Amino acid sequence: MDSGFIALVTMYLIASVRMATPLILAGLGEAISEKAGILNIGVEAIMLSGAFFSFIVAFFTGNLFLGLLAGIMGGIFVSMIHGVLSIHCKANQTIAGLALNFMMMGLTSFLFLIVFGQTTTLPSCSVFSEVKIPLLSSIPIIGSALFNQNIFVYIALISIVLTAIFFYKTEWGINLHAVGEHPQAANSAGLNVFAIRYFACFVNGVLGGLGGASITLGQLGFFMENVTSGRGYIALVVVILGRRNPVGIFAAAMVIGFSQALQYNLQTLGFPIPTQVFSMFPYVVAVIVLFLSIGKSIDPSALGIPFERNKR
Amino acid sequence: MKQSGNVLSFLGIAILTLGISILLILMVGSNVNQAFFSFLSGIFGSFYSVSEVLVKAIPLILTGLGVAVGARSGFINIGAEGQLYMGAIAVTCMAFWLNDLPAILMIPLVILGGFVFGGVWSVIPGFLKARFGISEVITTLMFNYIAISIVGILVRTILKDPSSSLPMSAFLPDSATLPVFMSTTRLHAGLLVALISVVLVWILVWKTPIGYEMRAVGLNPRASKCSGISVYKNIVLSSLISGGLAGIAGVCEVSGLHHKLLEGISPGYGYIAIIVALLGKNHPLGVVISALGIAALQVGSLGMQRMAGVPTSISSIIMGVVVLLILARKSLFRRLLPDE
């Protein structure tokens, strides 16, 4: 292979990883939530909240780490509303998630207008800079894509490993599965179904908030109305494509990240293909994967169903 | 006691929503009285503003009706947005293809075409749910994005108006456009289409055996199966009707309002439709009322932004809050409501 090709591949890998990071974070959170039986369509709301609060705090304090923390809190806030509605109130989870999307979409742009008013130039803050990891970053091709990135990429990578260990190597992971597959049986076996589901919602909020913060504090350095522009919905697709498996989610997010990177690149190069061909790509692939997985039960059996202790 | 508790709980929701709205208006620093006055005059202030409410209500009635029909059989249709766009594609393609047909044939044909396109877009997730148990929530959501992308591709390629540099189709031939009621307004015959659909759906779902079976499947699929009602058939059928109605909404938007295909013809009508159906308790008449209410909320908030400086995003917040409160109603007002 000549060096020009390697440089091109490296460049695309770096861009893909950057695009994939918010999707990986939010996707992992949603996967944990779905494993416990809570289907949260409101990932978009969680990410928007994370993006908004992280930016506001980072802008006014000048401290990016405080911003990151605020993003996490913002994510938890939205996710716990969904949790209370679907666990305590036994509400329809899909509609709750959708309503949260409406509410946060309105609320973030409303608050943004109140704080900054109608401005022609968007207020901006600094972003997390890349941190080079010695040795690992000098691996050819993948080194600079994975190990010379900002803090969010590292958090995402660590989260993949931790989630995988949590899912498949710990008793907690088994409990989580049990609660999502058969809450009645889990309850009989002495597990606290409600507590485990709240825990899953909490983690979903943390990771989704981080995913939102990674957009404002990791990529853009500013906030605007609907800054997540549907990434929360793409994260839902990532979860389906990756079959709720952490490594699968990583792969799915990378595929989507690559198609997004390609999309921007072709746009700037002026190719005559409409960019929609590429933005459609992940969804078409996800539908094909769904068709291929017909017959194999992949959803947790209690997904979306509220648990009532005294009912069969 | 039971009835009054229910009424009180909804009254409580109304008061809470009003309180939150006042809080938001105060946060902007606007005068509450002025804001409410401008909200109301934004709706009822002129003949035109009232007609605008109806214009916005047309797609909401049709998509909301679609979601409600689906919900009656247990098919949660998040995909009305995509189905609306498929209907829009259908009407545009057919109008250019059959451009020499007279309006009397053309209009029914494009409505039928919109129904079929929207229906197909929804029957695939319906089939996947009924036959293989694949959750329709995610599939319909993905189909939205695919449909929107297809519109984006079409208006840049084969349907593009060569005389314009913008991504949009040429104007539809006159025979494919719905008449406007009064030339000073934008109110078009789509309103009639919507109201006729409401009546037809009401008859189908409440007055025929087919509708009875569909509702039975939604209430208890297992019991229906045991008494010989096909769950599969009814979910597929209701998903077809559900998407078809959303497709007709797309037809009305293109041939009644925009008269051409372009991106962004729907500012999320398909998602608001789910709220419309929820607030309307999945009943045709309820859907009409809640669609009018949400359309008025949106039009009124425009007036509020113009005259009192309150951002229109307040309407989105209010919609979200109302739905959240309704979902939490039974827990919030537990003391008022009888035990089930």
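**Aromatic pairs and overall fold of chain A**

At 53% relative accessibility, F65(A) counts as exposed, where exposed means over 50% relative accessible area, buried under 20% and partly exposed in between (1.4 Å probe, protein chains only). The model is predicted, with local features requiring pLDDT of at least 70 and side-chain atom pairs counted only at pLDDT 80 or more, while totals for chains, interfaces and linings use all residues. Residues are numbered from 1 along each chain as its sequence is written, chains are lettered from A and ligands numbered from 1 in the order in which they are written, and side-chain values use heavy atoms, leaving out hydrogens and water.

The secondary structure of chain A comprises 12 helices and two strands, helices being DSSP runs of H or I with at least four residues and strands runs of E with at least two, numbered from the N terminus. Buried residues account for 55% of the 312 residues in chain A.

Over all chains, 23 aromatic pairs are present; rings of Phe, Tyr and Trp (its six-membered ring) pair if their centres lie within 6.5 Å, and planes under 30 degrees apart count as stacked, over 60 as edge-to-face and the rest as tilted. The rings of F55(A) and F59(A) are tilted, because their planes stand at 35°, with centres 5.7 Å apart. Both residues lie in helix α2 (residues 43-61), four residues apart, about one turn of the helix; F55(A), at 0% relative accessibility, is buried, whereas F59(A), at 29%, is partly exposed. F65(A) and F128(A) form an edge-to-face pair, 5.2 Å centre to centre with 75° between the planes.
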